[in-house]
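Here is my notebook from a first look around a structure that was new to me. I wrote down each thing I looked up, in the order I got curious about it.

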Amino acid sequence: MWFLKDLSVLTATKILNATTVNHGIKRSLEVKNRKSFGISFALSGQLIYHHNGKKYISKENRVVFFPKGASYTIECQQKGVFTLIDFETDEPSAFSEFMSVGITPDPAFLHDHRELEKLFLFKNPDLHAHSLSLFYSILSKVISNSDKLGLYPTLRTAVEYMQNNIGATDISNKLLAEK
């Protein structure tokens, strides 16, 4: 299982693309064998990613990480605008599961993403180094921003389980204690 602490050791080797996607309401999309790792956060709206029988929510207070090679369905619950960054890492199995991380919405995420998006739009010759710099800036903000949620380490696993299984009807205190 992949946890938030693993973000601090994630080594991206190349940023493949940065874009902003508009999703319409009640629109679904199926993705088979994702070609790269990814990170997304919502500027507005809500998406649900269905992967291996679990649901991962993307909304304004969540960042979602996608594993390379994953097959999943995207379901738009509320139309909105979502960022997407595709990247590669020197660790082929860096993470194999989706991860949805709670954050406090921060305009700095959007600023860094827009700068990254401009690099790809205008084919900037400094693309590689600058894109990695912006990616790590975003990653650093995710880590520090999520830590501001003030979760005690002993509760983090249970809270992450609840976040990643939101809407599950079988969550109980006993189940959370086992996590």
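**Entry 1, the whole chain.** I started by noting that this model is predicted. I counted along with the assignment and found nine strands and four helices in the protein chain. Reading from the N terminus, I noted the order β-β-β-β-β-β-β-β-β-α-α-α-α.

I looked up burial next: of the 179 residues in the protein chain, 43% are buried.

Which residues have the most contacts inside the largest nonpolar core? I found Ile39, Phe65 and Phe87, in a core of 25 residues. Among the elements giving two or more residues to this core I noted strand 1 (12-23), strand 8 (80-89) and helix 1 (107-121). Helix 2 provides the largest share, six residues. Apart from this core I found another, of 14 residues, including Tyr49 and Cys76.

I located arginine 34 in the loop between strand 2 (28-31) and strand 3. Is it buried or exposed? Arginine 34 counts as buried because its relative accessibility is 8%, and the cut-off for buried is under 20%. Leaving aside neighbours within four places in sequence, I listed its contacts, among them Phe66, Tyr72, Leu84 and Asp86. Tyr72 was already in my notes' reach, as one of the residues of the 14-residue core.

Methods:
Residues numbered from 1 in each chain as written. Predicted model: local features only at pLDDT ≥ 70, side-chain atom pairs only at ≥ 80, totals over all residues. Heavy atoms only, no water. Core = buried A, V, L, I, M, F, W, Y, C linked by side-chain atoms within 4.5 Å. Buried < 20%, exposed > 50% of the residue type's maximum accessible area, 1.4 Å probe, protein only. Contact = heavy atoms within 4.5 Å.
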